[in-house]
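Welcome, and thanks for taking a look at this one with us. Below is a short briefing to read alongside the chain.

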Amino acid sequence: MIKILITDTHFGIKQNSIIWLNSQCDFIEKQLIPYIKNLKQSVQLIHLGDVFDSRSTISTLVASRIVKIFRLLREVVEEFIIIDGNHDYYSPNSDEVDTLSLLLKNMDIHIINRNILIKGSDMFIPWYQWDPIKIQERVNKSNIKNIFTHADIVTEGCPVTSCNVYSGHIHIPYIKGPIRNLGSCYALNFGDSNSKRGFYKLEGDNLEFIPNEYSIKFHRIYNDEIFENHTFNNNDYIEIYIDDNKMSVKEYNDKLSYYTKKYKNLRIIPNKTSIGDIDCESLRSYDLTTIIKSLIPKELKEKFKIIEDRVEY
């Protein structure tokens, strides 16, 4: 059976923005569901946690849209498993109440919210049950090939190395050997600039990444990159960094004008090449006092010298 892995959908993000919700739903309805259908094989869909963004205030509209979409997903897969992430519980300290059990009940979706599930050679671990030492002990006693969870296996590390560990939680993908943090399905802020997000197909030991082609993206471009052929969507967010000594050059102004007229979510940010008499590239070799002195206008330098001589450092 082919496994399709998604994680960190964070529905309701950006204060329940409809634009963002539509962007997220487009990815599922126009890309993920057709992709699964085209496989024409049995599929086990695994969501690795953080289905919704807010623990306690989920918009009625967001909830109703996602319930509808998850029903559509359930229709095209043989099995749908969701592992609760930290955002899927009401309390940051307890697994007593979780959103998914309330919203997705009676939908034939297997929600892993309180207990570890072992199914064949796969282990499914919810947020509050991740204990690397105990997990390794259980792995040693069982024939576990894959662990699916929502644990922080990047910044906190993952001592479980005798099998493949697939997780979410950290939104930036990190895949190194058996440690496989998949990252969020979507770009969520400028920290995700110029990096791909999407979902994964796991077939045997082969993990294949499929980039998200529909959702809002974040882009950062610099100087002469503005003259390259970029493909941006209308709702994408774009930051353009231009060295301040190029801001007055006509060809740059013409190109920047083209971008500002075409894209609504765009910012042009002057990139300083010097501070006073100091080149920005050399700043690290200067101490703070030298930098401050370089910023003082010539007509005030003598007054500053008088004050400086009076000050004891």
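**Briefing on the chain**

Of the contacts in the chain with a separation of 6 or more, 60% are between residues 24 or more positions apart. Please keep in mind that this is a predicted model. The chain holds 8 helices and 19 strands. Its radius of gyration is 25 Å, whereas the globule rule gives 20 Å for 313 residues, so the chain is more spread out than a compact globule.

**Overall dimensions and surface**

- Along the principal axes, a box of roughly 80 × 50 × 40 Å holds the C-alpha atoms of the chain.
- Among the 313 residues, 44% are buried.
- The chain has an accessible surface of about 16800 Å², and carbon and sulfur atoms contribute 49% of that surface.

**A look at L72**

- You will find L72 in helix α3, which covers residues 60-76.
- Leaving aside residues up to four places away in sequence, L72 touches E29 and I33.
- Although L72 and E29 are 43 residues apart along the chain, 8.5 Å separates their C-alpha atoms.

**Aromatic pairs**

- The count of aromatic pairs comes to 20.
- One of them joins F27 and F199 in a tilted arrangement, with 6.0 Å from centre to centre and 55° between the planes.
- This pair links distant parts of the chain, as F27 sits in helix α2 (residues 18-39) and F199 in strand β13 (residues 198-203), 172 residues apart.
- F27 and F199 are both buried.
- For F232 and Y263, the ring centres lie 5.5 Å apart and the planes meet at 75°; planes over 60 degrees apart count as edge-to-face, so this pair is edge-to-face.
- F232 and Y263 also link distant parts of the chain, being 31 residues apart.
- F232 belongs to the loop between β15 (218-222) and β16 (237-243), while Y263 belongs to the loop between α6 (250-262) and β17 (266-271).
- Both F232 and Y263 are buried.

**An aromatic cluster**

- Which residues come together in one aromatic cluster? The members are F11, F52, F70 and F80.

Key. Residues numbered from 1 in each chain as written. Predicted model: local features only at pLDDT ≥ 70, side-chain atom pairs only at ≥ 80, totals over all residues. Heavy atoms only, no water. Helix = DSSP H or I, 4+ residues; strand = E, 2+ residues; numbered from the N terminus. Rg over C-alpha atoms; globule rule 2.2 N^0.38 Å. Buried < 20%, exposed > 50% of the residue type's maximum accessible area, 1.4 Å probe, protein only. Contact = heavy atoms within 4.5 Å. Areas by Shrake-Rupley, 256 points an atom, 1.4 Å probe, with all protein chains shown as cover. Phe/Tyr/Trp six-rings, centres within 6.5 Å; stacked < 30°, edge-to-face > 60°.
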